[in-house]
There are 2 protein chains.
Amino acid sequence: MVKLAVDVMGGDHAPDEIIKGVKLALERYSDLEFLLFGDENVIKPHFPNEARVKIVHAPDVIDMGEKDPIGAVRKGRNSSLVRAFQAVRDKEASGVVTAGPTQGVVAAAHLIIRRIKGMKRVALCPTLPELGGKKRFLLDVGANTDLRSEHLLQFAQFASIYAREVAGIERPLVGLLNNGTEPGKGRELEKEAFELLKNDPNVNFYGNVEGKELFTTECDILITDGFTGNLVLKTCEGVAKAVGTFLKTEINTFGKKIGYLFMRKVFKKFKQTLSPDEIGGANLFGVDGIVVKAHGSSDAYAFSNAIKQARLAVLGDVVEKMKSIIGDEEDD
Amino acid sequence: MVKLAVDVMGGDHAPDEIIKGVKLALERYSDLEFLLFGDENVIKPHFPNEARVKIVHAPDVIDMGEKDPIGAVRKGRNSSLVRAFQAVRDKEASGVVTAGPTQGVVAAAHLIIRRIKGMKRVALCPTLPELGGKKRFLLDVGANTDLRSEHLLQFAQFASIYAREVAGIERPLVGLLNNGTEPGKGRELEKEAFELLKNDPNVNFYGNVEGKELFTTECDILITDGFTGNLVLKTCEGVAKAVGTFLKTEINTFGKKIGYLFMRKVFKKFKQTLSPDEIGGANLFGVDGIVVKAHGSSDAYAFSNAIKQARLAVLGDVVEKMKSIIGDEEDD
């Protein structure tokens, strides 16, 4: 059985959609067991005779707009988020799924579960919008703004294991986001990371990848620092947001209006695909347990997909495989 | 009269489209005079009795794919690009327009024209794709990968003068690209730049702007380092490139196919708008003269627009106005 902790109170549509998402996952996967953290009075009536669910009363909520996530995690002893992460730390669950605030999740992962020995930073890793018809992982997208090249190497190693064990890509191809394709491009960070990635036996390195190849590159994994990753991911969202304005200006003839009527759904899908709401769960790589951060606005289906992702990561034994690569490197 | 130097041999469609672009500009603006640098034998027949054109024989070309632009500029004594930049240095022309390779242009600006005293870095500043129906300037997009906060401040000052004098925006609103909107977000670079921008009397500072607001923010100018700016701009191009693949997958019913027929032009426009080919000329801010880098693939019309841009910058006296802000700051 795969045992997962769920933060029932985190997310824009918590607890209702989270509860529904858990129910959906119970139907979809018979090997799942849950520890649900949240308001017992709200949760209990939904699972009257469910042997695979255990409810732990932890009614406090860390707000989605929390300005001081680290403080909130330190102080929030009875918050559903903190308690769910503690369950992973205490090995009561193999992973945690939450739609709570991103920086709260990053803080809880650091402070409660803690990093794998030798893993120097954590990374937030979503899949890119599947515009080009291929799944691609992008990391880091915001867990760390300042990174060194050895951190990028560890991210590449971790994501390679994940892509192999969870997405079933035998030799995942890793690209380094850069401002040009030639070796030697980029900041010191990219120049150093290029050499490390090129020479690492655990990484199938492609080389540099430019922003314009984001959805067409043959790479399965794209590596960058958390600041750049955030800007790149959000720029996609920015384009999606502007599509409506663009169409309003351009659909100025009768023919185009007719065409638009037939194609409304295509545009909606385009905007959705580029929106982070649709990207599903982002993995937090680097701590000693599986952490999946579902998007804040997750509905039941999206949340059940985030659960599915955590389940696959547990079954793929991703964390233990990363530990064996890191070996006994010094922590810092 | 406004006197501009033109690199006739630079660009994917040089010299033909460049020559046509100059002709177009001569028709459009009666106050323009040109110094044309390139192969005299090719250029001369096109301007038999043109008093406003002087041709200088400089037939060598710096290749669009040149791997060592600095070396090429140093060695390319009779290249059209180098000679055109020398004309600005020697005050024979007030500005230069070229569709040559970006890094060659940056190198020539640095090595030949040189920076304004006190201006610590140069920046490449295009306008963002006009998806949201508003002109926005983004800088730096690739002249410098590593920058300090005081460089970002100077870019903001320079772009503010430009936006006022050339685009006619009275109090241009300046945003700092960042991974969140709250003050205190970002790397050390952004945290420091935020304080400098907030307190500078020459800058009308809005605050932090996220990637998702790129085409919807009320800001006229967006400031970032050259690495991030390059990735952001190229990500827009990446989305444009993927639109075709996306449509192929999604247009799977008869109705959608009909709709697509009516809307083909809208899609084409969307792709074009997001493509750097359509962005027109990028300004190079920071050197002692006007430099406009037209896109490599410029046709005659695009090149004449880059000329128009250089003309406006000369008439707006942008460089002298920046000098008066910088005063006698120490160079480094």
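**Entry 1: the contact between the chains.** I looked up the contact between the two chains and found that it takes 46 residues from chain A and 46 residues from chain B. I note that the model is a predicted one. On the side of chain A that touches chain B, α8 (226–250) and α9 (254–274) of chain A each supply at least two residues. I recorded α8(A) as the source of the largest share of that side, with 17 residues. Sorted by class, the side of chain A that touches chain B has 19 nonpolar, 16 polar and 11 charged residues.

**Entry 2: the symmetry.** I then asked how chain A can be laid on chain B. A turn of 180 degrees with a shift of 0.0 Å along the axis does this, with an RMSD of 0.0 Å. The same surface serves both copies, as 100% of the contact residues of chain A recur in chain B. I also looked up which residue of chain A comes closest to the rotation axis. This is Gly259(A), whose C-alpha is at 1.8 Å.

**Entry 3: the domains of chain A.** The domain assignment gives chain A a domain 1 (1–119 + 286–332) and a domain 2 (128–279). I found their C-alpha centres to lie 25 Å apart. In chain A, 14 residues of domain 1 are in contact with 13 residues of domain 2. On the domain 1 side of this contact, α5 (102–113), α10 (300–315) and α11 (318–326) of chain A are the elements that give two or more residues. I noted that α11(A) gives the most to that side, with four residues. By class, the domain 1 side has seven nonpolar, five polar and two charged residues.

Conventions
Residues numbered from 1 in each chain as written. Chains lettered and ligands numbered in written order. Predicted model: local features only at pLDDT ≥ 70, side-chain atom pairs only at ≥ 80, totals over all residues. Least-squares fit on C-alpha atoms with pLDDT ≥ 70 in both. Contact = placed C-beta atoms within 7 Å. Nonpolar A, V, L, I, M, F, W, Y, C, P; charged D, E, K, R; others polar. Domains from an automatic or database assignment.
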